[in-house]
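User: Hi! I have a model open and would like to go through its packing and surface with you. Shall we take it piece by piece?

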Amino acid sequence: MPPPPCPPETPDTVVQQLDALAPHLPDAYLQWHVGPAGEVCIERVSPALWAWLGGAPPPGEPLEQAFWRRVDADGAATLHAHLAHAGQDTAWTAAWCTTGADGQRSGLQASGQPWATAAGGSRCRAFVQRAPPPQVATEARQASERRFRDLIDAIPNIAVQGYDHRMVCRFWNAASERLYGFSAEEAIGSNLLDLIIPPALRGSVLGATDRMLATGQAIASAELELQDQQGRPVHVHSGHVLLQRPDHPPEFFCIDFDLSERRQAEAARRQLEAQMRELQKMEALGTLAGGIAHDFNNILAAILGNVKLALEDTAADNPAQTSLLEIQKAGRRARALTQQILTFARRQEEQREAVDLGPLVQALQGVFRTTLPPATRLRLEVGDGLPTVLANATQIQQVLINLVANAVQACMGQQNALVTVQVCAADGPPPIEPGALAVLQSRTAPAGAGVQITVRDNGSGMAPDVAAHIFEPFFTTKAAQKGTGLGLSVVHGILNDHDASLQLITAPGQGSCFRLWFAATAAPGTAG
């Protein structure tokens with residue numbers, strides 16, 4: 001049965017103006033009449049509202065029929081009830097769903113003010129806005145939550161864990177997997193205390209969580225030592241958030257920043273500072289030693305010169321000859337010692353040239369063997385095709401003599417004592433092995449060609465606290481009158497001047513291994 005016709009509307013200037021402005025308004029509007037018995041009659045539909053409802057009706061189609069045909073069937077009864085209950089004195093609001101011409105479902109919200117008509121009943125004019133329907137809003141909220149979780153999950157260095165008031169894990173991002181070793185499947189549903197909280201911290205964590213739940217105040221952020229799946233310590237800066245939403249139980253979120261890289265950087269900085277202090281100490285000692293050695297060398301020159309004159313003035317059969325020769329021998333030893341000190345202090349002029357280290361090492365073989373105790377063997381291995389290096393040959397010989405002499409002394413008393421000297425080509429300094437002491441790092445490009453010299457013994461080895469000091473001037477573990485403590489400090493100074501790498505691998509009972517690397521300056525076999 002068609003609805004009764006609406007009573008005629010009194011001409012209204014406002015209505016006329018509204019009709020004229022309708023195409024230019026951001027919102028749509030709707031006007032209807034409610035009869036005394038509650039019957040609803042649609043009177044005006046703006047072009048914008050027709051567009052939202054699926055398009056304007058064809059010419060000749062009754063307005064009432066066109067309107068209700070475009071309202072979703074499942075929402076038509078609800079909307080009709082909303083329109084019929086438009087009172088005469090109170091503001092009117094309503095919301096309903098519709099499907100547009102593009103098939104997309106959306107919501108409409110309307111608000112207006114009714115007024116009484118002369119024939120009884122009322123009229124109401126309402127402005128209409130588009131709004132997401134409840135299910136669309138729910139989907140949008142869920143999509144927003146998914147985007148948020150995806151964002152948190154994608155942050156590489158910030159571990160985030162969500163948990164409830166019983167400490168049961170409800171969220172576990174990818175960074176937490178990497179930091180603590182548990183997968184999300186393993187973590188979610190488990191108690192956070194069992195996952196990452198060490199036993200010693202569990203009581204304080206439970207107390208802090210209870211206080212946060214009672215007061216709403218987040219736990220103060222702090223550096224903590226937690227644990228991973230293997231029980232290993234994990235250093236983090238940890239903060240907490242309490243999230244309380246209407247109609248939802250409280251949620252806790254723990255945000256952990258991994259401090260491993262920062263701690264490694266701090267350790268590297270402390271190591272560099274220690275190396276800098278050592279360099280400064282070595283420089284100060286070098287300056288002091290160089291000054292003393294220079295003055296002492298002048299005194300020795302006078303002593304040796306006068307001894308030589310005394311020997312010339314004394315007959316060969318004179319008993320004083322023996323004493324003078326001993327004085328001369330001691331003076332020469334003292335002069336050699338001052339030369340070592342001056343070398344360490346870098347007070348001598350250096351001349352360098354392209355040197356083939358293979359023949360240089362082989363030439364020292366005779367010197368090495370004359371100093372070997374009977375029970376110690378020397379093995380010399382020199383590779384082929386060695387590149388040349390820019391070096392002072394005399395100083396490199398001094399380095400090798402010192403290292404071999406120390407190796408021989410370290411082997412004394414050992415069964416099957418063996419000292420090995422290896423010379424081979426190498427592309428870049430040798431990699432630093434675990435437990436090795438990187439004494440010097442070459443500033444030359446690490447991928448460049450070069451020569452590696454290895455001096456290894458099977459002697460007693462050194463403890464870490466001894467190995468850390470053996471390159472300091474005057475440091476020695478030898479008995480009194482058995483060493484000056486300058487040999488390895490001279491080695492350090494020469495290698496540092498040659499921009500060489502030096503690595504020491506040693507341990508008590510496992511012998512010692514010195515690895516040297518010199519950058520190449522020419523192609524193999526071009527030494528002059």
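This is a predicted model: local features need pLDDT of at least 70, side-chain atom pairs count only at pLDDT 80 or more; totals for chains, interfaces and linings use all residues.

User: Does isoleucine 299 count as buried, exposed or partly exposed, and why?

Analyst: Residues are numbered from 1 along each chain as its sequence is written, and side-chain values use heavy atoms, leaving out hydrogens and water. Buried means under 20% relative accessible area, exposed over 50%, and partly exposed in between, with a 1.4 Å probe and protein chains only. Because its relative accessibility is 48%, isoleucine 299 counts as partly exposed.

User: Which helix gives the most residues to the nonpolar patch?

Analyst: The patch covers about 540 Å² and is made by Leu288, Ile292, Phe296, Ile299, Ile303 and Ile327. Patch residues have over 30% relative accessible area and no salt bridge (a Lys or Arg side-chain nitrogen within 4 Å of an Asp or Glu carboxyl oxygen), and nonpolar side chains are joined within 5 Å. Areas come from the Shrake-Rupley method with a 1.4 Å probe. Helices are DSSP runs of H or I with at least four residues, strands are E runs of at least two, and both are numbered from the N terminus. With five residues, the top contributor is helix H10 (residues 260-313).

User: In S5, what is the bridge partner of leucine 108?

Analyst: Two strands pair if DSSP finds at least two bridges between them. S4 and strand S5 (residues 122-131) are antiparallel, with 10 bridges. In S5, the partner of leucine 108 is arginine 130.

User: How far apart in space are arginine 443 and alanine 500, C-alpha to C-alpha?

Analyst: Arginine 443 lies in the loop between strand S15 (437-440) and S16, and is exposed, with a relative accessible area of 63%. Leaving aside neighbours within four places in sequence, arginine 443 is in contact (heavy atoms within 4.5 Å) with Asn496 and Asp499. Arginine 443 and alanine 500 are 57 residues apart in sequence, and their C-alpha distance is 8.1 Å.

Definitions and conventions. Patches are made of residues with over 30% relative accessible area and no salt bridge: like charges are joined within 9 Å, nonpolar side chains (Val, Leu, Ile, Met, Phe, Trp, Tyr) within 5 Å.
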